[in-house]
Amino acid sequence: MTRPGDTRLTPEVARELCQRAGGKAYLAGSIASLGSQYVLGLKAVNCQSGDPLAEEQVTAASKEKVLDALGEGATKLRGELGESLATVQKFDVPLSEATTSSLEALKAYSLGRKADNEKGAAASLPYLQRAIELDPNFAMGYRGVGIEYSSLEELGRASEYFTKAFQLREHASEREKLAIAANYYEQVTGELDKAAQTSQEAIESYPRDWAAYGNLGVVFSNRGQYEKAVEVTMQALRLAPDRSADYANLANYTFALQRFEEARQLIHEAQARKLDDFVLHNALYALAFLGSDPAAMGEQQQWFAGRPEENLGLALASDTEAYGGHLAKATDLTKRAVDSALRADSKETAAIWQANAGVQQAAYGNSTEARQSAAEALKLVSTSQGVEVEAALAFALAADTARAESLAQDLNKRFPLDTQVQSLWLPAIQAQLALNRRDATSAINFLQAALPPIEYGGIIFVNNISCLYPTYVRGQAYLAAGQGAVAATEFQKILDHTASSGTAGQEPWPISVWRVPMPCRRRTRRERMPPASARAPPTKNSLPSGKTPTPAFPS
């Protein structure tokens, strides 16, 4: 429409937008004070003619009663517009009960959502935390805080807020209950099938709910179903074309499908809409990485400097140095990333970087250093699922059987329903332990739970890296069993998924023993990409396969 992004939404502009979107009508509202009372007006307007289709006017006795009055007016308007009595009654929860009884809390929540889309999670959090301070029963407020902590790679904190939202879901509308439940099943219990079913139910009941499509896309990507993830996320973008999270996620899904130019185009479209998010910069870095463009990679690294996400940039640089064989540089950068995360009050993220360093050291055969890094990570945060799985794998690769088995037992006990813990992480850890015992047959059997498509799934731990560990360990197991041709097929999967990621591209780490780089996936929305290194980036054909955030999550 060639109008500035902050153009005031007047009736004329609203009508034009409605026509461009192919809508039938738009809703207009007004509010005016009358002494201590407030008069609210609601009006449905025909987009083509500009004629009113239905109007309602209600009065609130005080500021505290405005939401009650608004809900009353909305219910009457729905009836005037022809909605059946049955559906009006089914979905007619008073607004003050369905969302929040506090007008100030609702305002803070709305400002938080706006800040998230324009500036990212760090800018959004203060508003959302203020919302739940004003109304401790604000279920969607807790969900919002959970989403932002997930985006900032603090999965333990996110889980606490998603759980609180789930406990308070009776203080929400039917639509909100579905959104809360979908996040709970994905992020807390890890039940991806339930999460998908809940989002699909939301789409059936509310076919124009763009967030439900976006959430379903995240679940599909976590299950390794990227074509489906692209399809539903495209629908989310059609319904809400100015949401940065969906652009970021969609770019990552196309990355996982090796459609690099499509990913680049999506990023440019987001930037043309003045949308900015660090996941978009991650994706730009990945494109530069694949194109062997050190200057462009350096530009993206510079973008992180001085921002709340600075620790992510440092961790990415560490991973790239490790990929290039510069382990001393990688170790130094990991320390800086950990320190930066701690300064930003992101203790879990710091622990993840430390655990990642343990896997790196183990990959190079440095067992003592691997054990030390994994132990330090657990000292920082011992209860994080992401820290535990990385540390357990590091211990297993470093042949520390006792600690690896102890962590694996704890993970199995604490996350019995979690799709990825049960189908990706535990099989890889248990298979590596079996290989340490020279039991290739058991290793292969353990990995039967980690077959496609879940084998390629984007990892739910937004701040965690999931390499194609089951694939790599399975290849090792077949080698140990004397089945070289089958092992080669497993390693070829890695090479065939160049830059594939749970949702965000690829970050390769080398395994020097087999000279096959260990591919790492990253997650949705608030996600990390492979870091920029210095010297000679690998060529496109030499890169291995590659998560997650998801995610970010549509809010």
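Reader: Hi! Is the crossing of α21 and α23 left-handed or right-handed?

Author: Hello! The crossing of α21 and α23 is left-handed, a term used if the near helix is turned anticlockwise from the far one by less than a right angle, with right-handed used if clockwise. Before we go on, this is a predicted model, where local features need pLDDT of at least 70, side-chain atom pairs count only at pLDDT 80 or more, and totals for chains, interfaces and linings use all residues. Residues are numbered from 1 along each chain as its sequence is written, and side-chain values use heavy atoms, with hydrogens and water left out.

Reader: Thanks! At what angle do α21 and α23 pack, and how far apart are their axes?

Author: Helix α21 (residues 385-397) and helix α23 (residues 419-436) pack at about 20°, and their axes are 8 Å apart. That makes α21 roughly parallel to α23, since roughly parallel covers angles under 35 degrees. Axes here are lines fitted to C-alpha atoms, for helices over the stretch in contact, and angles run from 0 to 180 degrees between N-to-C directions.

Reader: Which residues make the contact?

Author: From α21, they are Gln385, Val389, Glu390, Ala392, Leu393, Ala396 and Leu397, and from α23, Val421, Trp425, Ile429, Gln432, Leu433 and Asn436. Contact means heavy atoms within 4.5 Å. By class, the contact of α21 with α23 has nine nonpolar, three polar and one charged residues.

Reader: And how does α23 pack with α25?

Author: α23 and helix α25 (residues 469-480) pack at about 25°, with axes 9 Å apart. That makes α23 roughly parallel to α25. The crossing of α23 with α25 is left-handed. Among the residues in this contact are Trp425 and Gln432 of α23, and Tyr469 and Pro470 of α25. The contact of α23 with α25 divides into ten nonpolar, two polar and no charged residues.

Reader: Switching topic: how many disulfides does a search of the whole structure find?

Author: The search finds one disulfide, meaning a pair of cysteine sulfur atoms within 2.5 Å. Cys18 and Cys47 form this disulfide, with their sulfur atoms 1.5 Å apart. The link of Cys18 and Cys47 is right-handed, with 65° about the S-S bond.

Reader: Where do Cys18 and Cys47 sit in the chain?

Author: Cys18 is in helix α1 (residues 11-20), while Cys47 is in the loop between β2 (37-46) and β3 (52-60). They are 29 residues apart, so the pair links distant parts of the chain.

Reader: Is Cys18 buried or exposed? And Cys47?

Author: Cys18 counts as buried because its relative accessibility is 7%. Cys47 counts as buried at 0% relative accessibility. Buried means under 20% relative accessible area, with a 1.4 Å probe and protein chains only.

Key. Helix = DSSP H or I, 4+ residues; strand = E, 2+ residues; numbered from the N terminus. Parallel < 35°, antiparallel > 145°, perpendicular 65-115°, else oblique. Nonpolar A, V, L, I, M, F, W, Y, C, P; charged D, E, K, R; others polar. Buried < 20%, exposed > 50% of the residue type's maximum accessible area, 1.4 Å probe, protein only.
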